[in-house]
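Have a look at the sequence and the structure before reading on.

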Amino acid sequence: MQNWLSLIMFDEGPKYAAISDAISGAIRSGELRPGERLPAQRKLAQILGVDLTTVTRAYGLLSHSGLIEGSGKLGSFVRNDVDGPIFDGTRNENGMNVPPQPGFNLLSDAIRTATSKLLRAGRHSPILQYQPGLGNYADRFQAAAALSSRGIPSNVEQMAIVSGAQNALHAIVTSILKPGDRICCAHFVYPGIIMLAHRHRLKLSPIAVDAEGLVPEALDECLRSGVRFIYVTPTNDNPTALTMGIDRRAAISAIARQYGATIIEDDAYGLLPSLPYPPIASIAAESTWYITGTSKLISPVIRVAHVRAPSVRHATMLERDICRTTVMAPPLNAAIVTMWLRQGTYDQLVAGVRSESIQRQRLVNRHLAAHDYIAHPEGYHLWLKARSKVQATTISEHLRAFGLSAVLGGVFMTKPDNIDAHIRISVGGAISHDRLERALSSLSEFAG
């Protein structure tokens, strides 16, 4: 039996999708080479104990994806123009923290279905035209409704549709901060905000954190010194995986309100937990910029973010920056997200990522229980502490050989030093369970 056959799992999702995923993975990893013949459909159906139509549908999906082609009675072959591994499993995704996808084609099916419906209007479809800088009314209305359902009072005039959270942060920073302004934040923070601080000559003021993130007393001291801006990722923080409880969120909100400070809430992972905490924006709506998007919850392939400004006046301030930089969010992508929200598909896609993340975190716990790390049980990264920076560097290089994104802690530091020994390891992306388990087993021995 070919190795890829053993990877076919029928425990979740359509059987044809599981077969397609296994063959696709074998082609992308290089196990199935260009020109290689696949098993006859009837024979494969017998081996797997499924109907012939199931295998036929799987082969059809692979053919439609451009990975295989049929040659009549000769059978089906991997296309010759598939030049080597499409996905090189020895490479990470440029250090990005990428959501894992469930073991069936939930996302691709959702994109295909939504795109087909949206384009039925043909050349007259409004999504084939330029949109207002903040997004069209229908997309903003649906975004406002989604946030309101989470307890964040929102109306359409407060909303902006942008090309991902980084675009959102750029527009907010450009609109409300000026060179020399300071921002209270954690010592380890999302690199995107570090880059923006350097570019716009802002000053990041790191404060103490504990097991729930920003310490209220430390925030009070920071704001007392004259700082009026706060940046926070309250759920499954990147990179530390820390999550604020409801009382901590209320305390942070109260202190911000006391000093008249503005909160930038980057809620990239907020909906991943099955029982999410209320966003800070639901407590301090009048002073919080709230950002949520698809890149970390579903997939970066769509890359749409929704921004809720503290007021209508603040929202209009974003439009200038959006028009000067990205002009608008991609209309088709924005419309797809709107359709998903309206039909409930959005929640299904997030649930799929959540389920896969849980499975991967169980593998992490199985192999790394004895090691010093932090992870959210429904997230897809972990924050590992090595014995030294030298060991952290060695571990990072070692994991990349397995296709894991392993980023040294210094990348996330507001004030880099030469001794930090942390590593953010992403267990998301395209890596298979089998390869992930081998990587974690090797890591456990290597870092032991």
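A search of the whole structure, which is a predicted model, turns up 4 aromatic pairs. Take Tyr137 and Phe141: their ring planes meet at 20° and their centres are 6.2 Å apart, so this pair is stacked. Both belong to helix H5 (residues 137-149), where a spacing of 4 residues separates them by about one helical turn. Tyr137 is exposed, at 54% relative accessible area, and Phe141 is partly exposed, at 48%.

Trp383 and Phe412 are edge-to-face, because their planes stand at 90° with the ring centres 6.0 Å apart. Trp383 sits in strand S13 (residues 381-385) and Phe412 in the loop between strand S14 (405-408) and strand S15 (422-426), so the pair ties together parts 29 residues apart in sequence. Trp383 is buried, with a relative accessible area of 4%, and Phe412 is buried as well, at 1%. Together with Phe188, these two residues form one aromatic cluster.

A charged side chain also meets a ring: Arg57 lies over the face of Tyr16, 3.9 Å from the ring centre.

Now for the backbone. Which peptide bond is cis? The one from Asn238 to Pro239, with omega near 25°. Pro239 lies in the loop between strand S8 (229-232) and helix H9 (246-259), and Ala241 is placed in the loop between S8 and H9.

| Residue and phi | Loop | Relative accessible area |
|---|---|---|
| Ala241, about 65° | between S8 and H9 | Ala241, 6%, buried |

Definitions and conventions
Residues numbered from 1 in each chain as written. Predicted model: local features only at pLDDT ≥ 70, side-chain atom pairs only at ≥ 80, totals over all residues. Heavy atoms only, no water. Helix = DSSP H or I, 4+ residues; strand = E, 2+ residues; numbered from the N terminus. Buried < 20%, exposed > 50% of the residue type's maximum accessible area, 1.4 Å probe, protein only. Phe/Tyr/Trp six-rings, centres within 6.5 Å; stacked < 30°, edge-to-face > 60°. Lys NZ or Arg CZ within 6 Å of the ring centre and 35° of its normal.
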